Amino acid sequence: MQVYDGPACLAGERPFASPDWDRTLIPRSCLAATIVRMRVLVVEDEVKMAALIRRGLEENGQAADVAGTGEEALVRAGSTEYDAIILDVMLPQIDGFEVCRRLRQNSVWAPVLMLTARDAVEDRIAGLDTGADDYLTKPFSFAELLARLRALVRRGPLEREAVLSVGSLRLDPATHQVWRGESEVQLSAKEFSLLETFMRQPGRVFSRFELLEHAWDYSYENRSNIIEVYVRYLREKVDRPFGVRSIQTVRGSGYRLRDDI
Ligand code: CA
């Protein structure tokens with residue numbers, strides 16, 4: 001945590017409560033000067049690119065550490081509180097998406113700016129789904145990298161959505177993970193979305209139509225039995241292997257998730 005020792009607010013000036021300066025109230029007029037003192041972790045295996053980014057950051061007054069692998073990044077981010085993390089997607093062994101997922105899993109909430117050589121929409125979505133905050137496609141201009149970093153650091157670590165917990169089921173909306181007790185359960189995107197709907201309102205009876213509306217992006221024909229099918233899949237994964245029956249059929253009404261199992 002850094003200590004702000006700059007000028008105080010002028011009369012009538014609205015201060016900025018900085019998450020990086022121990023919630024100190026910093027005059028907005030001094031904001032640009034204070035945010036250059038940030039500590040950034042650069043995760044990139046290409047030595048030249050990593051050195052280029054580090055040099056650029058240092059020339060702009062920021063402190064930068066470089067990690068050449070995902071494993072190293074996880075160790076460093078676990079022991080140092082960074083203001084931001086620049087994370088390349090293309091890394092040997094564990095890739096940037098997985099690194100980001102594990103950072104969030106380890107409760108590291110520093111803003112993450114992902115770098116990739118590919119401009120595929122799927123990559124961007126995958127990055128944001130794993131908990132990245134912004135995205136930059138290679139090749140990029142250093143000025144843009146700096147501008148995006150500043151914006152992320154100014155915003156500070158976001159309050160992340162808490163892990164949902166119902167009985168012995170837990171679901172993490174940020175990392176898309178589900179556990180029954182200590183066992184992690186692998187679900188498809190649709191199964192996850194259906195379970196999330198149940199877990200947001202445990203005990204409530206949902207009609208098939210409501211489940212379609214909540215868990216599916218497109219309206220399916222009502223006569224389709226898609227909900228029955230997915231409820232069955234879900235029971236096969238989160239209930240049956242554990243010998244419980246938490247997803248109940250309420251005859252004539254729909255389904256509910258018991259909150260006591
Ligand atoms: Ca790389």
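**Close-up views of a predicted model**

**View A. The largest nonpolar core.** In this predicted model, the largest nonpolar core holds 34 residues. Those with the most contacts inside this core are Val-40, Val-43, Ala-84, Ile-85, Ile-86 and Leu-87. Strands and helices both supply it: strands 3 (39–43), 4 (63–67), 5 (84–88) and 6 (112–116) give two or more residues each. So do helices 2 (47–59), 3 (70–79), 4 (96–105) and 6 (142–155). In soluble globular proteins, nonpolar side chains tend to be buried together.

**View B. Surroundings of Val-40.** Neighbours within four places in sequence are left aside here. Val-40 is then in contact with Leu-57, Gln-62, Ala-64, Tyr-82, Asp-83, Ala-84, Ile-86 and Leu-149.

**View C. A second core.** This core is separate and has 20 residues. Among them are Leu-195, Val-231, Leu-234 and Tyr-255.

**View D. Strand 6, covered on both faces.** Val-112, Met-114 and Thr-116 lie on one side. Leu-113 and Leu-115 lie on the other. In a regular strand the side chains alternate between the two faces of the sheet.

**View E. Strand 6 and its partners.** Strand 6 pairs with strand 5 in the parallel sense, over 4 bridges. Here Leu-113 is the bridge partner of Ile-86. Strand 5, helix 4 and strand 6 form a right-handed β-α-β unit. Strand 6 also pairs with strand 7 (residues 134–137), again parallel and over 4 bridges. In that pairing, Leu-136 of strand 7 stands opposite Leu-115.

Technical notes: Residues are numbered from 1 along each chain as its sequence is written. This is a predicted model: local features need pLDDT of at least 70, side-chain atom pairs count only at pLDDT 80 or more; totals for chains, interfaces and linings use all residues. A nonpolar core is a set of buried Ala, Val, Leu, Ile, Met, Phe, Trp, Tyr and Cys residues joined through C-beta atoms within 7 Å. A residue is buried if 20 or more other C-beta atoms lie within 10 Å of its own, exposed if 12 or fewer, and partly exposed in between; C-beta atoms are placed from the backbone. Two residues are in contact if their C-beta atoms, placed from the backbone, lie within 7 Å. Two strands pair if DSSP finds at least two bridges between them. A crossover is right-handed if, with the strands pointing away from the viewer, the path from the first strand over the helix to the second runs clockwise.
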